[in-house]
Structures are given as structure tokens and as C-alpha cells.
Amino acid sequence: MKDRGTILVVDDEQVVFDSLELFLEGRHDLLYASNAAQGMQIARSQRLDLILLDIGMPDINGYKVCRMLKHEPETTDIPVIFLTAFASPNDEVTGLEAGAVDYIVKPINPAILRARVHTHISLKIQRDYLELLVRQDSLTSLINRRGFDELLNREWCRAARGHSPLTVVIIDVDSFKAYNDTYGHIAGDVCLQRVSSSLTSVLHRAGDYLFRYGGEEFAALLADTPFEFVPMMAERLRLAVQNAQIPHAQATTGDVLTISVGAATIIPNYHDNSMTLVEAADRMLYQAKESGRNCVQVVDLGESGDAIKPAA
Ligand SMILES: [Mg+2]
């Protein structure tokens, strides 16, 4: 668990940032934005543990920035502390109502700043750790179904904003019930762990995620992967499991354990439901099962709202 934490300072006066760097004595990693737009852009794209936010800024005031941060799924969990010359109780109430966790009045007292920053960074890191545990599958250590639903929504918004493709892959272990019946449930668990490691070995880009989706089902999310690469990615997943050479005497596809893979790609828009993508990937998985298992089926849904184009 990292404990330094990354802090974004949003303030139109660079001198404030310089003094914060001095006061925080190198205990945290600091990023700087001199206006609201730049601040929002950094908050959406970087992993932050705290934002120190000015109120009086020339473009958009800090209250409004805070409300925007709290409104967006990618930034809503980042704690915000106002750092401002506005010292009245009314200002403070407005700040806390906008969703800030704390309010520090300038001129800054370095000891108070350090103590409050430390408190909120520690809380954020502890909370992230607990949230990770809630979203982790204990057998495979992969992200679980709950984590999948959340990440799908986050990536859906991100892709809609960037007008970039998003792919859902759903993977099902072939004849897994027969595997359990033949080798027992403990061997079945070990087998799922091996499948998990094989799949993980294929997915290593920053925008790739692997999940334990259900019993013998896995899922992957691929961000920013153009559809033309999706069949190859799906095929690599299939091959990784086949090449693991897990013996399966009852397999209908040979003598080793295999998977069937369904994938769907879309360029999302905000108004559509991300479940359409999951349902399309599920249909492809069903087709892969129908075509004899140990194979891959993919579909390009094009831009969200377009008619479905069949895969080449
Ligand atoms: Mg200012």
C-alpha cells in the first residue's frame, strides 16, 4: 500500500503552490493546475488522493469546481480541501455543502495544513484498501463482479468523453461442470486459478482489466483498443488457456481444458446503457459455445446508437 499520496493543487496563484511544496516538506507527490479547466482535466486523468482547491479563481470559482468533481464518477471519490482567503463561516458552509471534506483559511498555518492533509490522505488510502478488498475475488485475487460493474460505468464515461472504443470480453471455461465432476471441487478451484493466471499473462496494458465474472466465467475490459485488434486479443486469451495444457479427460474439444470467448466493441455515448455492450458480448459467447466451444466470436457495435455491423 502506498502511503505518500498524490495531491493536486488548483490555485490561480503559483506562489501558493510553491509555499505548499515547502510546507508539505516532500511528504507527498504534488501536481499543479493554475485554473479550473486544467484542474478538472488532471483530476479526470490522474490517480489522485487529495485536491487542495482555491475558491477565488478567474475562470470558474472553486465551489463550482468542487461540485463538478463530486458529480463525475471518475472524480467523486477524491477528497477536496478548500484552501482560501474567504474566511467567513458562510463561505465555509458553502464549501462543505459543495462536498469538501475540510476547509483551510489562508494565510496557511503550515502545522495545521500538514496535520489535516495527513489525516485526509490516510483516510483515503485506508478507504481505497477496503474498497479493493470488497471488489476482490478471494480465489483468484481478480476484481469481482461488483468491481466490473463499477469499472464498466467509469470506462464507459471515459470512452464517451474521448470518443474512443470500449470492449467487453466474456470468457467461459468449457465443460467446467464435467471437470469438477471428474476431478473434484478443490481441483476445480486450482484450475480456475490457473485459467486466471493464463488470462492475466495476456492483458498487461494500462487500460486492460480482467475480472472473475461468475463461477467459471471471466470478463475483460479493454479501453482504447480499436475493433480491428479485438479478434486477435480474444484469440490470444483463448490460446493462453489452451497452451496452459490443463488436462481435462471429459473435454468435448480435445484432452485439455479450453475456453470460449465472446467480445463486443462500441464507441459509447452518455445516453446509452453500458449493459447493451455486456449483452452483445454475452450473445457472442453464446455463439462461440454453439459453434463447438474453444473458439472466439466478436462483434463491432460501431458508434453507440448505430445499427449493429456484423464482424468480418
Ligand atoms: Mg485565487
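**Notes on the predicted model**

1. The magnesium ion is coordinated by Asp 12 (OD), Asp 54 (OD) and Gly 56 (O), at 2.1 to 2.2 Å, where donors are N, O and S atoms within 2.8 Å of the metal (3.2 Å for Na, K and Ca), and water is not among the atoms, so sites may look incomplete. Along the sequence, the donor residues of the magnesium ion follow the spacing D-x41-D-x1-G. Helices (H or I, at least four residues) and strands (E, at least two) are DSSP runs, numbered from the N terminus.

2. The classes used here are buried for under 20% relative accessible area, exposed for over 50%, and partly exposed in between (1.4 Å probe, protein chains only).

3. On provenance, this is a predicted model, in which local features need pLDDT of at least 70 and side-chain atom pairs count only at pLDDT 80 or more, whereas totals for chains, interfaces and linings use all residues. Residues are numbered from 1 along each chain as its sequence is written, and side-chain values use heavy atoms, with hydrogens and water left out.

4. For the protein chain as a whole, the secondary structure consists of 10 helices and 10 strands, and the C-alpha atoms fill a box of roughly 75 × 45 × 25 Å along the principal axes. Of the 312 residues in the protein chain, 48% are buried. The accessible surface comes to about 14900 Å², with 53% belonging to carbon and sulfur atoms; accessible areas come from the Shrake-Rupley method with a 1.4 Å probe, and for residues only the protein chains shown count as cover.

5. The protein chain carries 29 positive and 42 negative side chains, and the centres of the two sets lie 2 Å apart. In this count Lys and Arg are positive and Asp and Glu negative, while His and the chain ends are not counted, and the place of a charge is taken as NZ of Lys, CZ of Arg, CG of Asp or CD of Glu.

6. How is the protein chain divided? There is a domain 1 (6-134) and a domain 2 (147-303), with bounds that come from an automatic or database domain assignment. The centres of domain 1 and domain 2, taken over C-alpha atoms, are separated by 38 Å, and the contact takes six residues from domain 1 and four residues from domain 2, contact meaning heavy atoms within 4.5 Å.

7. Thr 265 lies in strand β9 (residues 259-267) and, at 2% relative accessibility, counts as buried; not counting residues up to four places away in sequence, Thr 265 touches a set of residues including Pro 165, Leu 166, Phe 227, Leu 277 and Asp 300. Leu 152 is found in helix α6 and is buried, with a relative accessible area of 2%; leaving aside neighbours within four places in sequence, Leu 152 is in contact with Leu 166, Val 168, Leu 221, Ser 274 and Val 278.

8. The peptide bond from Lys 106 to Pro 107 is cis, with omega near 0°, and Pro 107 is placed in the loop between β5 (102-105) and α5 (110-134). Glu 25, in the loop between α1 and β2 (29-33), has a positive phi of about 50° although it is not a glycine, and its relative accessible area of 45% makes Glu 25 partly exposed. Ser 141, in the loop between α5 and α6 (145-162), is likewise not a glycine and has a positive phi of about 65°; at 49% relative accessibility, Ser 141 counts as partly exposed.
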